[in-house]
Each structure stands twice: as C-alpha cells, then as structure tokens.
Amino acid sequence: MSKEKEVLLNEEIEAREVRCIGDDGTVYGVISSDEALNIAYRMGLDLVLIAPDAKPPVCKVMDYSKFRYQQEKKKKEAKKKQKVIDIKEIKLSLKIAQNDINYKVKHAIEFLEEGKHVRFRVFLKGREMATPEAGAELLEKVWAMVENIAQRDKAPIFEGRYVNMLVFPKKG
C-alpha cells in the first residue's frame, strides 16, 4: 500500500446516497450510489469518491486513470522547476594557520562563484569548548575575506561542538 491515501472507486463506495457531479461539471444532485454508478458505467467512466466526510459524500464521474496521469505529470513538472541548493562545507579548527585559512577561503570563493552555498564550521575540541567565542572570532575573520562576494545568512552560531556560519552568493 502506498503512502498516499487510497481513493475509493466504483463498487468500493459504501454510502447509500451520494452527491454526484459529472466530469463536464454537470450536477446530478443527491442520488443513490447505485444510480451514480450506472451513470458512470453508461458514460464509460469511473465513479470516484472525492469528499468522503461531506454529508452526503461527494462523488465525481471521471476517467480516473487519465486523472492520475495528469496528477503525475503535474508532480514531474513541479519537480523540474525546483532549484536544488548545493551546500559545500568547509571545516576549520581554532589552531589553523593563516595560510591554511587563505587556502580554504580560496576554495570557498570558487564555490560561491559557482552559485553554491558555503557552510563554515569550526570544530571545538576538549577545552576549546569553554570558549566558543574564539570560534566565532575565527569565522568573523573568514567573513571579512568573503564579504565582498557573499551574503551571510546570520552571525556565527554555536551548535554542539561546532560554531557554524552559512554564506551564499550575492545576487546580481
């Protein structure tokens, strides 16, 4: 069984009376479910329960396979139009040398020029956990090096053993 809620079709509909609507918008009104099923079969279509909680339940006469196909097509179109955000992560430590910072920032600038987001993380070990401000200072130093081509999501944040900062490319 799929994750989606199953739709009741044709003989699966157990209500005695239903409010019936045609595929072309024709309103048949409140009729017995057998009569609605006969209407659907005469037209060569399916009777689909669309509002089971209504009083009486609402059914629609439609081509269910065509309806499902169109729904899948809409999902695929929506998925095509989605933009996937790629986040690259650059890890630093408090005891990093300046030339290593420059090297890592150079890579971050390349990622930003490609349109990717970059997360800088300072890992705190042992006693470094007592001073997370030192990690924030290091990230501020890094921010000064990339602020001309990037925007900062927010100031460095202390999360667990890490101090994080997310930057993304400037628009335009």
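**Strand β4 and its sheet**

Analyst: β4 is mostly covered, with four of its five residues buried. Keep in mind that this is a predicted model.

User: Which strands does β4 pair with, and in what sense?
Analyst: β3 pairs with β4 in the antiparallel sense, over five bridges. β1 pairs with β4 in the parallel sense, over three bridges.

User: How many residues sit between β3 and β4?
Analyst: Six residues lie between them, and the two strands form a hairpin.

User: What is valine 58 bridged to?
Analyst: Valine 58 of β4 is the bridge partner of alanine 51. Valine 58 is also the bridge partner of arginine 19.

User: And what stands opposite methionine 62?
Analyst: Aspartate 46 stands opposite methionine 62 in β4.

User: What is the strand order in the sheet?
Analyst: The order is β2-β1-β4-β3, in an open sheet of four strands with mixed pairing. β2 (27-32) and β3 (46-51) stand at the edges. Each has a single partner strand, so one side of each is left without a neighbour in the sheet. From one strand to the next, the twist averages 35°.

User: Switching to helices. Where does α1 lie?
Analyst: α1 covers residues 33-43 and lies across β1 (17-21), β2, β3 and β4. Helix α1 runs at about 130° to β2.

User: Which residues of α1 are buried?
Analyst: Ser33, Ala36, Leu37, Ile39 and Ala40. Seen down the axis of α1, these buried residues fall within an arc of 155°, so they line one face of the helix.

User: What covers them?
Analyst: The cover over the buried residues of α1 includes β1, β2, β3 and β4.

User: And which residues are exposed on the other side of α1?
Analyst: Asp34 and Arg42 are exposed there.

User: New topic, aromatics. How many aromatic pairs are there?
Analyst: The structure holds two aromatic pairs. Tyrosine 64 and phenylalanine 67 form a tilted pair, 6.2 Å centre to centre with 35° between the planes.

User: How are tyrosine 64 and phenylalanine 67 placed in helix α2?
Analyst: Tyrosine 64 and phenylalanine 67 are three residues apart in helix α2 (residues 64-81), so about one helical turn separates them.

User: Is tyrosine 64 buried or exposed?
Analyst: Tyrosine 64 is buried, with a relative accessible area of 13%. Phenylalanine 67 counts as partly exposed, at 33% relative accessibility.

User: What about phenylalanine 123 and tyrosine 162?
Analyst: Phenylalanine 123 and tyrosine 162 form an aromatic pair that is tilted too. The rings are 5.3 Å apart centre to centre, with 55° between the planes. Phenylalanine 123 lies in strand β6 (residues 117-123) and tyrosine 162 in strand β9 (residues 162-169), so the pair ties together parts that are 39 residues apart in sequence.

User: How accessible are phenylalanine 123 and tyrosine 162?
Analyst: Phenylalanine 123 is partly exposed, with a relative accessible area of 28%. Tyrosine 162 counts as partly exposed at 22% relative accessibility.

User: Staying in β6, is histidine 117 buried or exposed?
Analyst: Histidine 117, found in strand β6, counts as buried at 18% relative accessibility. The cut-off for buried is under 20%.

User: What is histidine 117 in contact with?
Analyst: Leaving aside neighbours within four places in sequence, histidine 117 is in contact with Ile85, Asp86, Ile87, Lys88, Leu166, Val167, Phe168 and Pro169.

User: Next, isoleucine 101. Which helix is that in?
Analyst: Helix α3, residues 98-113. Isoleucine 101 is buried, with a relative accessible area of 1%.

User: What does isoleucine 101 touch?
Analyst: Not counting residues up to four places away in sequence, isoleucine 101 touches Ile96, Leu138, Val142 and Met145. Isoleucine 101 and leucine 138 are 37 residues apart in sequence and 9.4 Å apart in space, C-alpha to C-alpha.

User: Last one. What are the domains, and how far apart are their centres?
Analyst: The domain assignment gives domain 1 (10-68) and domain 2 (87-169). The C-alpha centres of domain 1 and domain 2 lie 59 Å apart.

Terms used. Residues numbered from 1 in each chain as written. Predicted model: local features only at pLDDT ≥ 70, side-chain atom pairs only at ≥ 80, totals over all residues. Heavy atoms only, no water. Domains from an automatic or database assignment. Pairing = 2+ DSSP bridges. Axes fitted to C-alpha atoms, helices over the stretch in contact; angles between N-to-C directions. Contact = heavy atoms within 4.5 Å. Buried < 20%, exposed > 50% of the residue type's maximum accessible area, 1.4 Å probe, protein only. Arc of directions from axis to C-beta. Phe/Tyr/Trp six-rings, centres within 6.5 Å; stacked < 30°, edge-to-face > 60°.
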